[in-house]
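Subject: Structure handover

Hi,

Here is the structure for you to look through. My notes on its helices and sheets follow below.

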Amino acid sequence: MNRAPQANPSSPPPGSETESRCQLLVLGAGPGGYTAAFRAADLGLEVILVERFPTLGGVCLNVGCIPSKALLQAAQVIDDVDQFARHGLSFGKLALDLPKLVAYKDGIVSKLTGGLKQLAKQRKVRVLQGVGTFSGAHTLSVHSEAGTHTVHFEQAIIAAGSQPVRPDIFPWEDRRMMDSTDALRLPEVPGRLLVVGGGIIGLEMACVYDALGSRVSVVELQPELIPGADRDLLKPLERRIKGRYENIYLKTRVTAAKATPEGIEVHFEGDKAPATACFDRVLVAVGRSPNGLRINAEAAGVKVDERGFIAVDRQGRTNVAHIFAIGDIVGQPMLAHKAAHEGKIAAEVAAGHKAFFDARAIPSVAYTHPEIAWTGLTENQAKEQGIAYTKGVFPWAASARALTQGGESGHTKLLFDPQGRVIGAGIVGPHAGELIGEANLALEMGADAQDLGLTIHPHPTLCETLGFAAEVAEGTVTDILAPKR
């Protein structure tokens, strides 16, 4: 769905140059942009939302978070079938209808983008389709096939997002090369796939293609996969994929790649990697680059650094007081839920409210199999920064619900400060992404181990492992033998 901009009913007539005015302009209709636009409209501002693609939702909804989760759900079904074949349920050999699977994914995206279109209409948010670039401190030019439209605004929120990094050592002119957007189109199931980048995006797509039948190899420059996650959270994932993937090369660099009739020939530099290897397709997932240098922000006086990031304060203001910026373009972590939170804050400030960014933690989730989720302080960070902490860990091998879902290798971990308050959490196993929300709420509310341990959780569930982990820290757990304190 990463298509070139097309005209729509909101665009000006072909070949024309028209103008409009608004109280608030929002540039970019991803999770941060549409949240900002809708919140501002709810607060009474006249809003124009500019988006370069034909549908709202940005990268996340169109070519990112949502389509990847649709494909990961399909991969999970395949894995579940394989697992239960060992327990007496066999459904025969997988029959893959790739066009139908793509249609399922695209149908979910279409339903959600259609919903956003309707919400914009209900809120009277005007949507202009085209590529937006600043032409002054209070003007934005929107370029489309229909012509150029100038928007005069009183305030603006920049939510222009990011794009996949495409290192020039790869032959991008060859159709067998893929970035994350290409991979989500699911053009084919290659026999042999190399994933360059062992972060969240790369490993999620590796899970999809592995389940569909590709022989997957992963190459990562760092010593570990998913840099930033604690080692204990990674172990269950590593054990699983080491038995399934063709190769996992850590501390390894790709030095060159070229297209050949047989495939993409890749050159490696690393202790355990071969000098060269040939793959049917190569997926590069080595990060994303902010779009700050693509919007002519300097015409509005907005400072953009050499990497494309825009600095903001806790209210989302740039160095130009009436222009805000949110989401990927203001820095890490590049996550949709962070962008949406920032979008609400910027919209409220633009509407005259006293709002500012005050979140204690931003959760992260890798929707791999098994899922990995964490929030707040990690053990890695605590050790590096010399921060005192205690922890409670509950192994899912003692969870009845986890055993029924093949999650016995998972665990729930809570970190506490010396006063017993929650300061971090990590979960690995099925539905870890759903569970991390309770830990994040506990952290935001300043809850301590007793608050979680004395909360009655339903049984048998995965969420009760949070209460059990708190009981481990308190020394009151009965579902396992409490470790010596």
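This is a predicted model: local features need pLDDT of at least 70, side-chain atom pairs count only at pLDDT 80 or more; totals for chains, interfaces and linings use all residues.

Residues are numbered from 1 along each chain as its sequence is written, and side-chain values use heavy atoms, with hydrogens and water left out.

A word on names. Helices (H or I, at least four residues) and strands (E, at least two) are DSSP runs, numbered from the N terminus. Two strands pair if DSSP finds at least two bridges between them.

β12 pairs with strand β13 (residues 263–269) through seven bridges, in the antiparallel sense. Both belong to an open sheet with the order β12-β13-β14 and antiparallel pairing. β12 (253–260) and β14 (276–279) are the edge strands, and each pairs on one side only. On average, neighbouring strands here are turned by 25° against each other, direction ignored. Axes are lines fitted to C-alpha atoms, for helices over the stretch in contact, and angles run from 0 to 180 degrees between N-to-C directions.

**The five-stranded sheet**

Another open sheet has five strands, in the order β18-β19-β22-β21-β20, with antiparallel pairing. β18 (364–366) and β20 (390–395) stand at the edges with a single partner strand each, so one side of each has no neighbour in the sheet. Neighbouring strands of this sheet are turned by 10° on average, direction ignored. β20 is joined to strand β21 (residues 411–416) by six bridges, and the two run antiparallel. Thr390 stands opposite Phe416 in β21.

Which helix packs on this sheet? Helix α7 (residues 231–242) does, touching β19 (372–376), β21 and β22 (422–428). Contact means heavy atoms within 4.5 Å. The direction of α7 makes about 170° with that of β19.

**A helix pair**

Helix α1 (residues 31–42) and helix α8 (residues 336–350) have axes that come within 7 Å and cross at roughly 30°. That makes α1 roughly parallel to α8 (angles under 35 degrees count as roughly parallel, over 145 as roughly antiparallel, 65 to 115 as roughly perpendicular and the rest as oblique). Residues making the contact include Pro31, Thr35 and Arg39 of α1, and Ala336, Gly343 and Glu348 of α8.

Best wishes
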